Amino acid sequence: MNIKEEFRLALRELVYPVCVVSSYNDETRENHAITVSSVTSLSFEPPSILICINKDSSIHSSLKKDSNFNISFLSSSQTEISNLCGTDELSDKRFDNDFWDFKNNIGFIKNSQSVISCTIKEITSHGSHSVFFGDVVEVIKNSNTKPLLYGKGEYLDCLLYTSPSPRD
């Protein structure tokens, strides 16, 4: 087995929150969305987050400096939308349902655990992906949900999230 395959398999063992990144392409007037696991908080001053997107993904061309995107952190009941946004063959059907709401033309998933809206401040290219640094401009929280988690190649039950932590 080569290092690329070993790395992929090692990352597959980790547990991630399932997120859908969405954007609107002003030039083509199209909405885009993709299921991602590469989302990381970056800074509290200013509030910022980073996402990693494959350069071959259809959403990639809509993400430009000073453009906006949303990250919908899915709730445990939203595996269907995760699968819909994570399958290339279904890309033309991602918005043909009532999962979505829109603000400033950019979709976000209703009833998700939270939605973080960002403006892209910096883009860095590395290998097959681009890293987009977004400053947070709005947060929508839904505290009545449990997160959708993914690890070991499957969606995981989230029994650990039965009550808020003391820090909440």
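Which backbone oxygen does the side chain of S112 reach? The side chain of S112 reaches the backbone oxygen of I109, at 2.9 Å. The points below place this residue within the structure.

1. Basis of the model. This is a predicted model, in which local features need pLDDT of at least 70, side-chain atom pairs count only at pLDDT 80 or more, and totals for chains, interfaces and linings use all residues. Residues are numbered from 1 along each chain as its sequence is written, and side-chain values use heavy atoms, with hydrogens and water left out.

2. Confidence. The mean pLDDT (the predictor's confidence in each residue, from 0 to 100) of the protein is 91, and 93% of its residues reach 70 or more. Where pLDDT is low, the predicted coordinates should not be read in detail.

3. S112 belongs to the loop between strand 8 (106–109) and strand 9. S112 is buried, at a relative accessible area of 5%; buried means under 20%, exposed over 50% and partly exposed in between, with a 1.4 Å probe and protein chains only. Not counting residues up to four places away in sequence, S112 touches (heavy atoms within 4.5 Å) S72, F73, L74, S75, Q78 and N142. The C-alpha atoms of S112 and L63 are separated by 22 Å, and the two residues lie 49 residues apart along the chain.

4. Contacts of I53. Leaving aside residues up to four places away in sequence, I53 touches I34, V36, I59, H60, L63, S128, H129, S130 and F132.

5. Pairing around strand 9. Strand 6 and strand 9 run antiparallel and are joined by six bridges; two strands pair if DSSP finds at least two bridges between them. I71 stands opposite I116 in strand 9. Strand 9 also runs antiparallel to strand 10 (residues 129–141), with 12 bridges joining them, and K141 in strand 10 is the bridge partner of S114. The hairpin of strand 9 and strand 10 has two residues between the strands, and G127 takes a positive phi near 55° there.

6. Backbone features in the loops. A cis peptide bond, with omega about 0°, joins E45 and P46; P46 is placed in the loop between strand 4 (39–44) and strand 5. R29 has a positive phi of about 55° although it is not a glycine. R29 sits in the loop between strand 2 and strand 3 and is exposed, with a relative accessible area of 65%. N105, also not a glycine, has a positive phi of about 75°. N105 lies in the loop between strand 7 (100–103) and strand 8 and counts as partly exposed at 46% relative accessibility.

Technical notes: Helix = DSSP H or I, 4+ residues; strand = E, 2+ residues; numbered from the N terminus. Polar contact = N/O pair within 3.5 Å; in protein donor to acceptor, adjacent residues only side chain to side chain.
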